[in-house]
Amino acid sequence: MFAMLHEKADEVLRTQFPGNTIAIQWTVPKESSFGDASLSLPLQLASLLKKKPREIAQVFVDALKTFPGVEKVEIAGAGYVNVWLTTEALLQELGESESAQSPTKLNKNEKPVIVDYSQPNIAKPLGVHHILSTVLGQALCNLHRHAGIPVVGWNYMGDWGTQFGKLAVAWEKWGDKKKSIETYTLDELLELYVRFHAEAEADAALDDAGRAAFRKLEQGDKELRAFWKGVVTVTKASLGDIYERLHVKFDTDIGESFYEDKMVPILDEGKKKGVFTEGKEGALIVEFPEESKLPPYLVQKGDGATLYATRDLAQIRYRIDTYQPQSILYVVDVAQQLYFQQLFATAQKLGWELPEIEHVVFGRMRFAESKMSTRKGTVLKLEHVLDEAVERAEAVIHEHRETIQTDDAAALAEMMGVGALVYGILSQNRKMDIVFDWDKMLSFDGNSAPYLQYTYARARSVLRKAGKETSTPSFPKAIAALTQSERVLIRMLLQFPGVLEDARESRMPHLLATYLFGLCQDFNAFYNVDPILLAEGSTKELRIALTAFSSNVLKTGAEILTLRVPEKM
RNA sequence: GCCCCCGUAGCUCAGUGGAUAGAGCAGCGGGUUUCUAACCCGUUGGCCGUAGGUUCAAUUCCUACCGGGGGUACCA
């Protein structure tokens, strides 16, 4: 229907006002008194043609008023064309949009999108701030998969670097040798790491020992390799539990260590091509043209050691060669924006044929009081925040013990608590900084995960009572007239496929979160005003179908955002 | 110094060329013989940081400035 409206308007534009290249853009008006679809094109045309906007609008009105499925067309305001659709057309359109509720079949011919996210450091527990990249990245993976696009979800582990040398030294000095390294907890490892930094402040020799140990590890020292492997094993096991709670899944967790033997060829290539040149103190750098305003980019230290930058170049090469991706998305915070500009510019200078490559930036998590530091051990652990969230959810559930319907309060608390935290992050524009505040992060009412979950449970409850729990929504052929709240809800439901597309293409999951919240508001308003089970005939049929449709959209949308919704609560 | 992001209601945030700038929280007033009141309805509250410019139309685009955050070669 909308596609046909678009064509018709385009036809009018081409035949009545030839020679104009303005794009037709139908919008869904905010106010329902402006119709189901609106066109502001006459205003643009008017200034180009030096004619009155309302006269131009009239041409569109005349052409559209007899169009099938159109109930009413009006000129409004300065020269808008507002179109109302017939009930039949709206319901038909709704039926056609239903496919957005289930994932599109995987298109195997399409090249994959690599999403690089989470990026934890080995030997350290996840801090709260890690949740940003983790859930944003997962939501982006889900959005693409839902559209049938192949995805490689990539957890790029920080499993290499000087910190292992330091940890090895700390373990050697203060560790409990009776315990094998695999039986250490992350907390115990962190303790060693923190102690190392505390003591290194007074004893500079420790740092040297740490660097020396890492060099030995790089050279393949057997004992250190075993230690390193043990630490990696311990960390992965511990991370796995948290990822499961967050409903986050990766396709690969190839980390930094994987690229150890893949950097020399890159360095050689860069030198041969004259892209890498000698900088201060024997370092290898990339210089960019004056007008780019990019400062030099360091790819090898003066002492010959490699850096994160070196590994990232090797990684781009590897990803292109192995996956031939259509795009690579780096879900990394804004502090590394310049770094990624330099990285991408360097890959270009090397003359590589690059896929679309984008730094999906997000703001930093700040703390009202003080900055976090892993080295000082002042990090707020993600696990702790999740537990606190679930505890708060339990308290809320307890408050509602008189009316609660759930069969599994523990599962509900987990769903609500974790959901509240995740929703708080995904409902905000990712570019904004987030100031960590317990009450703000763990909101349970208003625009929050529990509100979505409650709305879903309510809808499901109605469907259970109607005996329509499992059937797919079926809309009646004809309905006399729609109530105001039915119409508002239908218009909202119609927007779901477009929202998924916008959220995916702009890599902005909050568009989906905002939409779902709006849908809940419209559904709850409908639920409050229009009786569903007590209605009769085709009205009842319609309302049950709308309830089923809404609940399906809610569940689909929520799960793309990694949330879970309960059947009862 | 230079570069990037942010500045919208008391607070936290949506909206980013179009009609009267929205929501949540907080405040005030209502709604339960109806399918879950974890809800809904109404209401109070805005020089959209400041000043110019572009446009038929600017919170949205451009320029400058002010305020906050981040970055700016041997960390990742």
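**Entry 1: H11 and H12**

The contact (heavy atoms within 4.5 Å) draws on Tyr308, Ala309, Asp312, Leu313 and Ile316 of H11. From H12 come Tyr339, Phe340, Leu343, Thr346 and Ala347. I sorted these by class: eight are nonpolar, one is polar and one is charged. Here Ala, Val, Leu, Ile, Met, Phe, Trp, Tyr, Cys and Pro count as nonpolar, Asp, Glu, Lys and Arg as charged, and the others, Gly among them, as polar.

Then I took the geometry. The axes of H11 (residues 308-323) and H12 (residues 337-349) come within 11 Å and cross at roughly 50°. That makes H11 oblique to H12; angles under 35 degrees count as roughly parallel, over 145 as roughly antiparallel, 65 to 115 as roughly perpendicular and the rest as oblique. Axes are lines fitted to C-alpha atoms, for helices over the stretch in contact, with angles from 0 to 180 degrees between N-to-C directions.

I note the basis here. The model is predicted, with local features needing pLDDT of at least 70 and side-chain atom pairs pLDDT 80 or more, while totals for chains, interfaces and linings use all residues. Residues are numbered from 1 along each chain, chains are lettered from A and ligands numbered from 1 as written, and side-chain values use heavy atoms without hydrogens or water. Helices (H or I, at least four residues) and strands (E, at least two) are DSSP runs, numbered from the N terminus.

**Entry 2: the E7-E8-E9 sheet**

I traced an open sheet of three strands in the order E7-E8-E9, paired antiparallel (pairing needs at least two DSSP bridges). E7 (276-278) and E9 (297-300) are the edges; each has a single partner strand, so one side of each lacks a neighbour in the sheet. Neighbouring strands are turned by 45° against each other on average, direction ignored. Three bridges join E8 (residues 284-286) to E9. Val286 stands opposite Tyr297.

H10 (residues 263-272) does, at about 80° to E7. H12 does too, at about 65° to E9.

E5 pairs with E6 (residues 151-154) in the parallel sense over four bridges. Asp116 has Trp154 as its bridge partner.

In the loop between E5 and H5 (130-146) I stopped at Ala123. Its phi is near 75°, positive in a non-glycine residue. Ala123 is buried at 6%.

Terms used
Buried < 20%, exposed > 50% of the residue type's maximum accessible area, 1.4 Å probe, protein only.
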